[in-house]
Amino acid sequence: MNRRIFTLVTAGAALLLASCTPTPQLKVKEAVLTLSPVDSNPAALHFNVYGGPEDVRLLRVSSPSAIRVEMHDVTVDAKTGAVSMAPMDRVLIPGGEKVAFKKGGKHVMMWGVNTIPRKLGKIETEFLFSNNERILVKARVQEIDGSDPDEKKAIDG
Ligand SMILES: [Cu+2]
């Protein structure tokens, strides 16, 4: 009898523990593509990556609606204050941690974004990680002032 109660209690404790410390899941969220006011200039993709159970590297971001996609980091020259950006091959995503790709920091640039995402107001993107995970994300597309793309406004009226 006592033994049975003990088993029930440990099972309950295990359940409780499991619900308190969920295994982190590798995720990409809050993705927004900001178009340039000049159509021939690249668009900037910002998003947050939430690390999974182990460290991984983000190897590539791509989109069927863009000709060229690059990951960039921004550096500020300590002496002159000049801002420059350089392509990154890979970005470490530590397990359980958030890595932000945001204005003034790491970001993704897209050249040649075609009319489909401009009309839909959404763009399909794919994130490839070093553990071979591929995450598909539909990012919101906006003009530089945060409004819907001009092409979508023209359709929606
Ligand atoms: Cu850039």
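The following is a conversation about a predicted model of one protein.

Visitor: To start, how many helices and strands does the protein have?
Guide: The secondary structure of this predicted model comes to three helices and ten strands.

Visitor: In what order do the elements run from the N terminus?
Guide: The order is α-β-β-β-β-β-β-β-β-α-β-β-α.

Visitor: And what percentage of the residues count as buried?
Guide: The protein has 157 residues, and 21% of them count as buried.

Visitor: What share of the contacts with a separation of 6 or more comes from residues 24 or more positions apart?
Guide: Such pairs account for 66% of those contacts.

Visitor: Let us turn to the strand pairing. In which sense do S1 and S10 pair?
Guide: Strand S1, residues 27-34, and strand S10, residues 134-142, pair in the parallel sense, over three bridges. Within this pairing, Val32 stands opposite Arg140 in S10.

Visitor: Which way do S9 and S10 run, parallel or antiparallel?
Guide: They run antiparallel, and seven bridges join S10 to strand S9, residues 122-129. Thr125 has Val137 in S10 as its bridge partner.

Visitor: How many residues lie between those two strands?
Guide: The hairpin of S9 and S10 has four residues between the strands, and Asn132 takes a positive phi near 75° there.

Visitor: What about S4, how many bridges join it to S5 and to S8?
Guide: Six bridges join S4 to strand S5, residues 83-88, and the two run antiparallel. Five bridges join S4 to S8, also in the antiparallel sense. As examples, Asp73 stands opposite Ala86 in S5, while Met71 has Val108 in S8 as its bridge partner.

Visitor: Which residue takes a positive phi in the hairpin of S4 and S5?
Guide: That residue is Gly81, with phi near 75°, in a hairpin that has six residues between the strands.

Visitor: Why does Asn132 count as exposed?
Guide: Asn132 counts as exposed because it has 8 C-beta neighbours inside 10 Å, and a residue with 12 or fewer is classed as exposed.

Visitor: What is the phi of Glu30, and where does the residue lie?
Guide: Glu30 also is not a glycine, and its phi is positive, at about 55°. The residue lies in strand S1. Glu30 is partly exposed, with 15 other C-beta atoms within 10 Å.

Visitor: What is Phe47 in contact with, leaving aside its neighbours within four places in sequence?
Guide: Phe47 is in contact with Val28, Lys29, Glu30, Ala31, Phe101 and Ala139.

Visitor: Where is Glu124 found, and why does it count as partly exposed?
Guide: Glu124 is found in strand S9. It counts as partly exposed because it has 16 C-beta neighbours inside 10 Å, which falls between the limits of 12 or fewer for exposed and 20 or more for buried.

Visitor: How far apart are Glu124 and Ala66?
Guide: They are 58 residues apart in sequence and 9.6 Å apart in space, C-alpha to C-alpha. Setting aside neighbours within four places in sequence, Glu124 is in contact with Ser63, Pro64, Ser65, Leu136 and Lys138.

Visitor: Last one: where is Met85, and which residues does it contact beyond four places in sequence?
Guide: Met85 is in strand S5. Beyond its neighbours within four places in sequence, Met85 is in contact with His72, Asp73 and Val74. Met85 is partly exposed, with 14 other C-beta atoms within 10 Å. Its C-alpha atom is separated by 9.7 Å from that of Gly104, 19 residues apart along the chain.

Note on methods:
Residues numbered from 1 in each chain as written. Predicted model: local features only at pLDDT ≥ 70, side-chain atom pairs only at ≥ 80, totals over all residues. Pairing = 2+ DSSP bridges. Contact = placed C-beta atoms within 7 Å.
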